[in-house]
Amino acid sequence: AAYAASALFTTLAALLLTARIRQGNPHMGEGLLFESIGAAVLGGVALSGGIGGVWAAMRGVIMLALIQNALYLTDLNSHVRDIAVGVMIVAGILLARRSHAGEM
């Protein structure tokens, strides 16, 4: 059931992205893997599993979108924006690892 739901939502996302850009391109989502994993980590989902959930991942997606929008509005270079987002994601991973280490 999880694989079927994943395939359904992936298909829906691909159709929406294709409709938005008005063209089909097999390389459209190449850069989204880093952002999707980073958003989940920022929301509090553990990479090792067992901690977090759908709402935590959604919270991370909203948080990452707001951060990226704020960085875009500051008119920074795109490389600087990517570095800033990467630093925030790494900081989120380190904070999560530190907080989960006390629970073990």
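Analyst: Helix H1 gives the most to the lining of the largest pocket, with 10 residues. H1 covers residues 2-21, and helices in this account are DSSP runs of H or I with at least four residues, strands being runs of E with at least two, both numbered from the N terminus. The model is a predicted one, in which local features need pLDDT of at least 70 and side-chain atom pairs count only at pLDDT 80 or more, while totals for chains, interfaces and linings use all residues. Residues are numbered from 1 along each chain as its sequence is written, and side-chain values use heavy atoms, with hydrogens and water left out.

The volume of the largest pocket is about 670 Å³. Of its 14 lining residues, those closest to the centre are Phe9, Thr10, Ala13, Ala14 and Leu32. A pocket here is an open set of points on a 1 Å grid over the protein atoms alone, with protein on both sides within 12 Å along at least five of seven lines, whereas a cavity is a set where a 1.4 Å probe fits but cannot get out; lining residues have an atom within 4 Å of a point. Grid points are joined across faces, edges and corners, and the volume is the space filled by probe spheres set on the points. Rolling a probe the size of a water molecule over the atoms shows where empty space is left.

At least two lining residues come from each of H1 and helix H2 (32-43). By class, the lining comprises eight nonpolar, four polar and two charged residues. In this count Ala, Val, Leu, Ile, Met, Phe, Trp, Tyr, Cys and Pro are nonpolar, Asp, Glu, Lys and Arg are charged, and the others, Gly among them, are polar.

Leu8 also lies in H1. Leu8 is exposed because its relative accessible area is 55%, where exposed means over 50%, buried under 20% and partly exposed in between (1.4 Å probe, protein chains only).

Of the 104 residues in the protein, 17% are buried.

Helix H3 (residues 54-73) holds Trp55, which is exposed because its relative accessibility is 70%. Together with Met58, Val61, Ile62 and Leu66, Trp55 forms a nonpolar surface patch with about 580 Å² of accessible area. H3 also contains Gly60, but Gly60 is buried because its relative accessibility is 0%. Gly60 and Ile37 are 23 residues apart in sequence, and their C-alpha atoms are 9.5 Å apart.

Asp75 sits in the loop between H3 and helix H4 (78-101). Its phi is near 65°, a positive value in a residue other than glycine, and Asp75 is exposed because its relative accessible area is 68%. In H4 lies Arg97, exposed because its relative accessibility is 61%. The C-alpha atoms of Arg97 and Ala46 are 8.2 Å apart, although 51 residues separate the pair along the chain.

Definitions and conventions. Patch = residues over 30% accessible without salt bridge, like charges linked within 9 Å, V, L, I, M, F, W, Y side chains within 5 Å. Areas by Shrake-Rupley, 256 points an atom, 1.4 Å probe, with all protein chains shown as cover. Salt bridge = Lys/Arg side-chain N within 4 Å of Asp/Glu carboxyl O.
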